[in-house]
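Please read this briefing with the structure open beside you, and look up each part as it is mentioned. The points are grouped by topic.

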Amino acid sequence: MSRQATERRKTRETEVAVTLDLDGSGQGRISTGIGMLDHLLEALARHSRFDLTIEARGDLHTDQHHTVEDVGLALGRVLSAALGERRGIVRMGHAVVPMDEALALVAVDLGGRAYASLDISFSSPRVGELLTELIGHFLESLAQEARMNLHARLLAGANDHHKVEALFKALARALDEATRLDPRLGGEVPSTKGKID
């Protein structure tokens, strides 16, 4: 069963192409024009073991908002497409990840309902050149289009770089767990309703 998908999103503000293989080896080839976002998405690929390619061009001369949002939307859509009917997957996953003084918790449910509950805060307006106010918006956009419950908490931390990197690594580990195929399910949908929609 192929668990790969490709998504293209083109507007007057951005053009985003995403390719995802859920059963990869953690290879990330990311180019968004925002260095710190590239770094975080490469960490996401590495620690989820997804093979992920993202090429994005946006109106960065105006603002980062459209690019960050549309990368999140496109990644969410390609994740949902790669999961298909979501048969046989573990469905839920969570991770607590430290990075030096920072500690992040992420829990996900790929049960078809879009919801994001975030308790994340940063002391600086930017990490590298990435606006920290857009980190939550990226996660909300991802959850919306992936049709997943996403709970993210920063439990500790003083350095914003450490905090956001721990957050994306925790997201990666939670997604790795939730997207795995459970042989005990025998390809059944992991829901008492008999389907995920």
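In this predicted model, helix α4 is largely enclosed by the rest of the structure, because 17 of its 20 residues are buried.

**Helix α4: length and start**

- The N-terminal end of α4 is capped by Asn159, which has a side-chain oxygen 2.9 Å from the backbone nitrogen of His161.

**Packing of α1 against α4**

- Two packed helices are described by the angle between their axes and by the distance between those axes.
- For helix α1, which covers residues 35–48, and α4, the angle is about 35° and the axes are 8 Å apart, while the crossing of the two helices is right-handed.
- On the α1 side, the contact is made by Met36, His39, Leu40, Leu41, Ala43, Leu44, His47 and Ser48.
- On the α4 side, the residues that make the contact include His161, Val164, Phe168, Leu171, Ala172 and Leu175, and also Glu165, Lys169, Arg173 and Asp176.
- Sorted by class, this contact of α1 with α4 has ten nonpolar residues, together with four polar and four charged ones.
- An α-helix has 3.6 residues a turn, so residues three or four places apart point the same way.

**Helix α3 and its surroundings**

- Helix α3, made of the 14 residues 133–146, reaches 21 Å from its first C-alpha to its last, close to the 20 Å expected at 1.5 Å a residue.
- Ten of the 14 residues of α3 are buried, and the helix is therefore described as mostly covered.
- Among the buried residues of α3 are Leu134, Ile135, Phe138, Leu139 and Leu142, as well as Gly136, Ser141 and Glu145.
- These buried residues pack against helices α1, α2 (65–83) and α4, and also against strands β7, β9 (130–131) and β10 (149–156).

**Two residues with a positive phi**

- Most residues other than glycine have a negative phi.
- Arg147, which comes just after α3 and lies in the loop between α3 and β10, has a positive phi near 55° although it is a residue other than glycine.
- With a relative accessible area of 25%, Arg147 is partly exposed.
- Arg91, in the loop between α2 and β5 (92–99), is likewise not a glycine and has a positive phi of about 85°.
- Arg91 counts as buried because its relative accessibility is 16%, and the cut-off for buried is under 20%.

**Ser117 and Pro125: buried or exposed?**

- Ser117 belongs to strand β7 and counts as buried, because its relative accessibility is 18%.
- Leaving aside residues up to four places away in sequence, Ser117 touches Leu150, His151, Ala152 and Arg153.
- Pro125 is found in the loop between β7 (115–119) and β8 (126–127), and at 63% relative accessibility it counts as exposed.
- Leaving aside residues up to four places away in sequence, Pro125 touches Leu130, Leu131 and Thr132.
- Between Pro125 and Leu185 there are 60 residues of separation in sequence and 45 Å in space, taken from C-alpha to C-alpha.

Notes:
Residues numbered from 1 in each chain as written. Predicted model: local features only at pLDDT ≥ 70, side-chain atom pairs only at ≥ 80, totals over all residues. Heavy atoms only, no water. Helix = DSSP H or I, 4+ residues; strand = E, 2+ residues; numbered from the N terminus. Buried < 20%, exposed > 50% of the residue type's maximum accessible area, 1.4 Å probe, protein only. Contact = heavy atoms within 4.5 Å. Polar contact = N/O pair within 3.5 Å; in protein donor to acceptor, adjacent residues only side chain to side chain. Axes fitted to C-alpha atoms, helices over the stretch in contact; angles between N-to-C directions. Left-handed = near helix turned anticlockwise from the far one by under 90°. Nonpolar A, V, L, I, M, F, W, Y, C, P; charged D, E, K, R; others polar. Expected span 1.5 Å × (residues − 1).
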